[in-house]
Amino acid sequence: MAGRGRLVPTLGVVALGTVGYYLYSAGGNPKVAEKKFEHDAASAAARVKGDLPGKGKEAKLQGEVWAKQAGAKLDHAVDDAKATLHETDAKLSAKMAEADAKIDHLKAEGIQKAKELRKDTDKKIDEFDTTVIRKTQEAKSGIASWFGFGK
């Protein structure tokens, strides 16, 4: 609170000093002093806002340049990813075609081996049947000879 009591008179003295300066520099003409004050205030505001005229435009242009560079980098990364995807897809398709060919080959080979096995099995069965029939006939003739019916 004590600082506030000193602040008001200090601001009053600064305001009176400013008014006095502008009236003195304008030769005592209040209208000229007002215009000079407005000009100085506008100049100070311009310096605070951007220091130099066009600085805001330069920042905007620089931002656009950075945005274009970032966009180009992003486009390049997307293109690289697409190329890698297409390359991987082509490799995968080739591997799938190779696997299909191998499956077809193994299938044909399996069918051929099954046919050979069936042929061999049929041959063995025929041989077994022939042996059984021959042995049966031999056994019949041997038994019949015991009873006087045979050879």
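Let's start with a handy term: a residue is buried if its relative accessible area is under 20%, exposed if that is over 50%, and partly exposed in between, using a 1.4 Å probe and protein chains only.

What you are looking at is a predicted model, where local features need pLDDT of at least 70, side-chain atom pairs count only at pLDDT 80 or more, and totals for chains, interfaces and linings use all residues. Residues are numbered from 1 along each chain as its sequence is written, and side-chain values use heavy atoms, with hydrogens and water left out.

**Overall build**

- The chain has 3 helices and 0 strands; both kinds of element are DSSP runs numbered from the N terminus, with helices (H or I) needing at least four residues and strands (E) at least two.
- Read from the N terminus, the order is simply α-α-α.
- Of the 151 residues in the chain, 3% are buried.
- The chain's accessible surface is about 13700 Å², and carbon and sulfur atoms account for 64% of that; such areas come from the Shrake-Rupley method with a 1.4 Å probe, and for residues only the protein chains shown count as cover.

**Aromatic rings**

- Rings of Phe, Tyr and Trp (its six-membered ring) pair up if their centres lie within 6.5 Å; planes under 30 degrees apart are stacked, over 60 edge-to-face, and the rest tilted.
- That rule gives 2 aromatic pairs here.
- One is Tyr21 with Tyr22: the ring centres sit 5.1 Å apart and the planes are at 75°, so the pair is edge-to-face.
- Tyr22 also pairs edge-to-face with Phe37, at 5.4 Å centre to centre and 85° between the planes.
- Because Tyr22 lies in helix 1 (residues 2-25) and Phe37 in helix 2 (residues 30-50), this pair ties together parts that are 15 residues apart in sequence.
- Tyr22 is buried, at 11% relative accessibility.
- Put together, Tyr21, Tyr22 and Phe37 make one aromatic cluster.

**Salt bridges**

- Side chains of opposite charge can pair when their charged atoms come close.
- For a salt bridge, a side-chain nitrogen of Lys or Arg has to be within 4 Å of a carboxyl oxygen of Asp or Glu, and the count comes to 2.
- Glu87 bridges to Lys91, with 3.5 Å between the closest N and O atoms.
- These two are 4 residues apart in helix 3 (residues 55-146), so about one helical turn separates them.
- Glu87 is partly exposed at 47% relative accessible area, while Lys91 is exposed at 53%.
- Glu138 bridges to Arg134, where the closest N and O atoms are 3.7 Å apart.
- Glu138 and Arg134 are also 4 residues apart in helix 3, about one helical turn.
- Glu138 is partly exposed at 42%, and so is Arg134 at 40%.

**A negative patch**

- Asp122, Asp126, Glu127 and Asp129 gather on the surface as a patch of negative charge.
- Patches take residues with over 30% relative accessible area and no salt bridge, joining like charges within 9 Å and nonpolar side chains (Val, Leu, Ile, Met, Phe, Trp, Tyr) within 5 Å.
- Asp and Glu count as negative and Lys and Arg as positive, while His and the chain ends are not counted.
- The place of a charge is taken as NZ of Lys, CZ of Arg, CG of Asp or CD of Glu.
- Asp122 lies in helix 3 and is partly exposed, at 39% relative accessibility.
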